[in-house]
2 protein chains.
Amino acid sequence: MARAYNFSPGPAALPEVVLRQAQADMLEWGDAGASIVEISHRGPEFMQVAAQTEADVRTLLAVPDDYAVLFVPGGATTQQALIPLNFAEAGQVVDYVVTGHWGKTALKQLTPALRLNVAASSEADGFRSIPARDDWQLTRDAAYVHITANETIHGVEYRPAWGNPAPDTRDVPLVADFSSSIASEPIDLSRYGVVYAGAQKNLGPVGITVVIVRRDLLERAGQPRAHMFDYTAQLQNDSMLNTPPTWNWYLLGLTVRWMLDEGGTSEFDRRSNEKSRLLYDAIDASGGFYRNDVDPRVRSRMNVPFFLHDESRNDAFLSGAREAGLIGLKGHRVLGGMRASIYNAMPVAGVQALVDFMKEFRDSHG
Amino acid sequence: MARAYNFSPGPAALPEVVLRQAQADMLEWGDAGASIVEISHRGPEFMQVAAQTEADVRTLLAVPDDYAVLFVPGGATTQQALIPLNFAEAGQVVDYVVTGHWGKTALKQLTPALRLNVAASSEADGFRSIPARDDWQLTRDAAYVHITANETIHGVEYRPAWGNPAPDTRDVPLVADFSSSIASEPIDLSRYGVVYAGAQKNLGPVGITVVIVRRDLLERAGQPRAHMFDYTAQLQNDSMLNTPPTWNWYLLGLTVRWMLDEGGTSEFDRRSNEKSRLLYDAIDASGGFYRNDVDPRVRSRMNVPFFLHDESRNDAFLSGAREAGLIGLKGHRVLGGMRASIYNAMPVAGVQALVDFMKEFRDSHG
């Protein structure tokens with residue numbers, strides 16, 4: 001089939017212009033005499049790619065000067081292991097707020113040297129809400145508070161309607177997993193101690209993670225750890241403590257550059273509002289044929305899980321969608337049903353095509 | 001410039017046929033309706049890529065059934081951190097044999113919970129040799145013995161002339177970093193407990209590492225660690241504990257398939273002999289104009305560091321080489337001088353072109 005509208009949750013759709021550039025560069029990178037995949041990370045060509053990418057990330061996300069930007073191999077789960085190692089000392093309490101599958105996964109990355117406090121959880125509610133800030137049981141001297149800004153599977157996102165997208169944690173640094181919502185709106189980074197995002201949703205391909213960290217936190221002793229797991233060592237080595245995933249970094253750079261060219265985070269904020277409203281309206285106006293169970297105040301603009309009233313029609317829905325040029329809609333095995341991931345690279349026209357198909361499917365199966 | 005002969009140490013040259021395939025697949029993968037970079041790692045298309053890659057790795061490297069094959073995000077240095085966490089308990093001794101820069105880097109990945117014993121080191125010798133096996137001070141009940149099969153910077157490799165490529169460590173498992181020599185010759189994996197190799201030299205692009213581990217070692221308790229850092233959890237999840245670096249994995253698969261098509265490890269063994277002999281002969285026959293200082297019994301067939309007698313001509317050598325279509329020859333900053341990395345993707349013709357240039361340069365500057 002030709003290129004479809006791809007609603008995959010991650011790895012996810014990339015802008016076609018980025019893929020075409022990667023295709024053009026595949027055999028030869030500029031005047032290097034080799035592919036970008038084949039050249040040394042310490043050569044002038046790749047060093048330029050790396051420097052430009054950091055500059056563009058700083059522009060796109062309005063990163064303040066007192067924050068470092070690291071490009072770390074692996075995904076967000078790896079950072080969930082490195083963050084406690086770097087920022088919490090043995091015996092210290094770490095506060096976690098759990099609002100979905102990935103927030104829960106983060107707990108599995110802690111070792112017994114730390115004292116875990118789950119300050120709030122919406123698990124009893126099936127992860128359909130975010131506990132009110134007043135109900136959080138925070139620890140006064142916790143090493144940090146960890147939240148998941150957007151839950152990719154459960155479709156739950158800290159939205160202004162909830163109160164504030166960045167909860168107030170007073171003097172305790174707020175650490176946020178922004179993997180699936182980074183760059184979808186302007187955020188005030190100064191409200192966070194650490195923001196991290198696996199690239200494979202909004203920033204590029206899987207295999208590299210952007211970690212934005214307030215520099216004073218890098219002075220913390222943390223726990224004994226491998227040199228490779230030390231964020232400060234990474235910073236001192238320009239994120240090249242060992243050979244970094246160069247192609248992934250390069251593709252991240254192309255994607256960030258594309259977002260800047262398109263108008264930056266305020267433009268993607270506007271588009272995310274338009275796309276998510278189209279889709280939620282189609283669900284809510286379906287008379288129960290489709291259903292999304294998330295508290296409307298915290299419905300994700302990036303990942304929209306939904307269910308058919310008659311689940312025996314799931315396969316027919318998916319195969320019909322595929323015929324209509326819409327792929328990647330099968331829900332995560334944890335929840336079942338459907339899920340449409342509508343990251344920055346998904347055009348409004350793609351969501352419109354999905355909404356049209358959903359209406360047509362309902363009309364013929366209602 | 002057009003595609004040159006690329007002697008880069010890693011990221012390194014890839015077979016052109018692999019790059020052309022990646023280029024062709026960049027916008028659409030088979031009938032998936034999307035690029036291989038954009039599709040879910042849990043979808044049928046990528047699951048097939050992953051399964052085929054493991055099958056091909058097992059064939060190429062003759063992996064015995066009682067060994068697991070893991071595909072882990074990041075590079076070899078990350079494994080140097082994970083191996084002690086998985087295979088050694090707090091308080092246990094771990095034996096390391098240090099024969100170059102990367103063997104030394106491995107020591108920095110250990111935490112104080114373990115007792116490090118450097119069983120042998122050639123550092124006093126400038127890492128130009130491998131200490132005789134009889135001089136190793138091994139620990140009877142060590143958790144494992146770690147060696148670096150090939151030192152990429154210092155150009156030192158365990159060769160049969162040294163005695164045996166796989167030193168006898170009795171009942172203590174031998175752990176070997178094969179990053180820069182994997183698949184360059186048939187090896188008897190049953191002599192190793194763990195063999196690991198960052199992909200970016202002989203196996204594909206940077207960003208993924210192949211870890212081959214004897215299954216019984218996975219039953220060891222190791223040290224408290226993040227779920228993400230647990231090899232057994234990776235195995236139980238088909239190396240998809242989180243979203244793996246899919247494009248890197250796919251390119252690794254293409255590269256392994258190419259090696260099988262070319263005749264497998266015995267054919268690359270033959271070519272490695274031919275290529276390395278060409279180059280060392282040119283150096284040794286230069287009347288001191290070029291120099292390689294490594295003990296001839298352990299000279300690497302993959303990485304050939306060499307020095308000009310008159311180092312003031314280094315820049316002229318490098319720019320002349322570039323004009324002749326030969327790139328990536330600048331030595332690592334640790335050693336200076338030159339280095340030619342001649343991995344599996346480097347054809348004999350490329351080494352011949354280098355040798356011809358070296359002779360010409362010597363004739364005009366001798």
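I count a residue as buried when its relative accessible area is under 20%. With that in hand, I opened this predicted model.

I looked up Phe357(A) first. Its relative accessibility is 7%, so Phe357(A) is buried. Phe361(A) is buried too, at 5%. Both sit in helix α9 (residues 348–365) of chain A, 4 residues apart, which puts about one helical turn between them. I noted a ring-centre distance of 5.8 Å and planes at 40 degrees, so I logged the pair as tilted.

**Other rings.** The whole structure holds 40 aromatic pairs over all chains. One of them joins Trp258(A) and Phe268(A), also tilted, with centres 5.4 Å apart and 45 degrees between the planes. Trp258(A) lies in helix α6 and Phe268(A) in helix α7 of chain A. Trp258(A) is buried at 13%, and Phe268(A) is buried at 1%. I also found a cluster linked by ring pairs: Trp29, Trp247 and Tyr250 of chain A with Trp29, Trp247 and Tyr250 of chain B.

**α6 and α7 in chain B.** How do these helices pack? Their axes are 7 Å apart at an angle of about 75 degrees, so I call them roughly perpendicular. Residues in the contact include Trp258(B) and Met259(B) from α6(B), and Phe268(B) and Arg271(B) from α7(B). By class I have 4 nonpolar, 1 polar and 3 charged residues.

The unreviewed UniProt entry annotates Arg42(A) as "binding site". I placed Arg42(A) in the loop between α1 and α2 of chain A. Arg42(A) is partly exposed, at 36%. Beyond its neighbours within four places in sequence, Arg42(A) contacts Met47(A), Met240(A) and Arg333(B).

Technical notes. Residues numbered from 1 in each chain as written. Chains lettered and ligands numbered in written order. Predicted model: local features only at pLDDT ≥ 70, side-chain atom pairs only at ≥ 80, totals over all residues. Heavy atoms only, no water. Axes fitted to C-alpha atoms, helices over the stretch in contact; angles between N-to-C directions. Helix = DSSP H or I, 4+ residues; strand = E, 2+ residues; numbered from the N terminus. Parallel < 35°, antiparallel > 145°, perpendicular 65-115°, else oblique. Contact = heavy atoms within 4.5 Å. Nonpolar A, V, L, I, M, F, W, Y, C, P; charged D, E, K, R; others polar. UniProt positions renumbered as here; feature names shortened; annotations may be inferred. Buried < 20%, exposed > 50% of the residue type's maximum accessible area, 1.4 Å probe, protein only. Phe/Tyr/Trp six-rings, centres within 6.5 Å; stacked < 30°, edge-to-face > 60°.
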